[in-house]
Amino acid sequence: MAAEGRPALPPAPDVLVIGTGAGGAPLLARLAQAGLRVVALEAGERHPPAGIATDEVAQAALFWMDERLAAGGDPVGFGRNNSGRGVGGSTLHFTAYTPRAHPDDFTLRRDTGQGVDWPLGYDELEPYYDEVEQFIGVSGPAEYPWGGPRSAPYRHPPLPLNGAARLMERACAEVGVRTSPAANAVLSRPQEQEGYGTRPACSNRGFCQAGCSTGAKASLDVTYLALAERHGAVIVDGAQVTALLTDASGRVRGARFVRAGREETLEAGTVVLAAGAIETPRLLLRQDLANSSGQVGRNFMAHVGVQVWGLVEDDLRPYKGVPGGLISEDTHRGIPGVVGGYLLQSLGVMPVTYATQFARGTGTWGPALIDHLSRYNHVAGINVLGDCLPYEHNYLELSDELDARGLPKPRVHFTFGENERRMSAHAEALMRDLWARAGARDVWALPRAAHTIGTARMGEDPASSVIDPFGRAHDTPGLWICDNSTFPSALAVNPALTQMALSLRTADALITHLKETA
Ligand SMILES: Cc1cc2nc3c(=O)[nH]c(=O)nc-3n(C[C@H](O)[C@H](O)[C@H](O)COP(=O)(O)OP(=O)(O)OC[C@H]3O[C@@H](n4cnc5c(N)ncnc54)[C@H](O)[C@@H]3O)c2cc1C
Ligand code: SF4
């Protein structure tokens, strides 16, 4: 099947995984370790640390830049803001904040009558959280002040705080908001990584969101994917899946994909779709697969992600130091009139990113823009990540516009609800107060939606969910789903650690299922 210049594919693997991000990678490693023949098809290329440049513009290839149409009252920004493409998915450029979800994140409906409960609880996920944290090497405090019980402390001590984090720490103390060094999947000391070698401690280069050139950040290429390949998994990069193969009974049997401009097919016993919360429903909707509930593409969610920026006296150099340093989860619950909650995080920012955000966010241009940017070294930022309820009016559909491959572009409708607006207003007021206490001037806020979540949710009931609580499609044999599309609610924390934990749990369920049906 392979053509010249392209590596041959192994025939008919046991499991084919589509996408190698936070959903696909841990599972791929687990299945390979269990002795299964596994292949991953990944649309993006490999980006080994040695090839990562300290240059935001040069690193644009880490993002999914195909056009996605954004509709609704709060259209979501895609491209550099919300996507990843490459061996490692969005973790190649993620900020690496890795807080765990809280026990009450999984029971929002039970506790408040709003949102949706998860079909699993914190206790069930805890051993997987622990396993991921130890394996990828999360750095964090000895005692973390918030959340559920932990079976072990973080593997490495906390990372140093950057300038914005130190200001935030002082300002929060003034108003009685507790802070803590964040859990971050960046190494504060070297670690041996099976399949990769020695990963060094972070050198505080500060360009995590443009890719880490040293391997200190736990993107999945230097962690779970290295482990997967060590155990025989085959990762095919530059291979974009355009359709799933099905047989006459409706069972999924493999995938059709385009590699180096040529169409190929690969058959497999089982297919795990892990293409993220936009591309997964996009693929399913094209063939109306796994959709007897009518829920594919529905319940799209994005975190409340307002950022507040200001100029301070100190020479902070916001490009220096790991950008994800300090956290507060004191606002996780208890905000008057708000369901769910948010966390506060300090920011670092690369120059081109800041210039673009400032120009777009404030409408400043010409000499005023140049004047503001000449003080870039004095820029300090904080942001929040807040829960988002699932709503009927937020969904993904296929548009009539076709992309360069002739496939319908996805159109994502998104409008924050009243709850998110109240949360955002509360968060902005708190952050403005903090920055006023830090002596910041020219303070401005950037309202944002962060992360793409929902669209193929898990649940017990096949009438209202796409997959069962372990990842198996309710109505389509041979198909499993494992990515951010499966989250029934957004959680009041960053999603990647929970996604990696779910990925291991889905892998264990799939291994058991394959043994039982062998
Ligand atoms: C700028 C930024 C910063 C972030 N920072 C944090 C953070 O600090 N902490 C945190 O927890 N989360 C963070 N996130 C979010 C986090 O990265 C995601 O939640 C997580 O990676 C999602 O995992 P996933 O498997 O759903 O998707 P992804 O990791 O995006 O992986 C999907 C993969 O599927 C591939 N793919 C898609 N379609 C196809 C196809 N048709 N064929 C083949 N392959 C395909 C893609 O190329 C991609 O590699 C950040 C995200 C962004 C954009
Ligand atoms: S700050 Fe650390 S983790 Fe981030 S890119 Fe630099 S070396 Fe890598």
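Ala, Val, Leu, Ile, Met, Phe, Trp, Tyr, Cys and Pro count here as nonpolar, Asp, Glu, Lys and Arg as charged, and the others, Gly among them, as polar. This is a predicted model, where local features need pLDDT of at least 70, side-chain atom pairs count only at pLDDT 80 or more, and totals for chains, interfaces and linings use all residues. Residues are numbered from 1 along each chain as its sequence is written, while chains are lettered from A and ligands numbered from 1 in the order in which they are written.

**Stop one: ligand 1.** Select ligand 1 and the 43 residues around it. A residue is near if its C-beta atom, placed from the backbone, lies within 6 Å. Gly19, Gly21, Gly89, Asn494 and Ala496 come nearest. The shell holds 15 nonpolar, 24 polar and 4 charged residues. Now colour helix 6 (276-287), among the suppliers of at least two shell residues. Helix 6 gives the most, 4 residues. Helices (H or I, at least four residues) are DSSP runs, numbered from the N terminus.

**Stop two: a helix pair.** Show helix 3 (residues 122-136) with helix 10. Their axes (lines fitted to C-alpha atoms over the stretch in contact) lie 8 Å apart, at about 110° on a scale from 0 to 180 degrees between N-to-C directions. The two are therefore roughly perpendicular (65 to 115 degrees). From helix 3, pick residues including Leu125 and Tyr128; from helix 10, Leu497 and Met500 are among those in contact (C-beta atoms, placed from the backbone, within 7 Å).

**Stop three: leucine 41.** Beyond its neighbours within four places in sequence, leucine 41 is in contact with Leu16, Ile18, Val236, Ala239, Val241, Ala255 and Phe257.

Definitions and conventions: Angles under 35 degrees count as roughly parallel, over 145 as roughly antiparallel, 65 to 115 as roughly perpendicular and the rest as oblique. Two residues are in contact if their C-beta atoms, placed from the backbone, lie within 7 Å.
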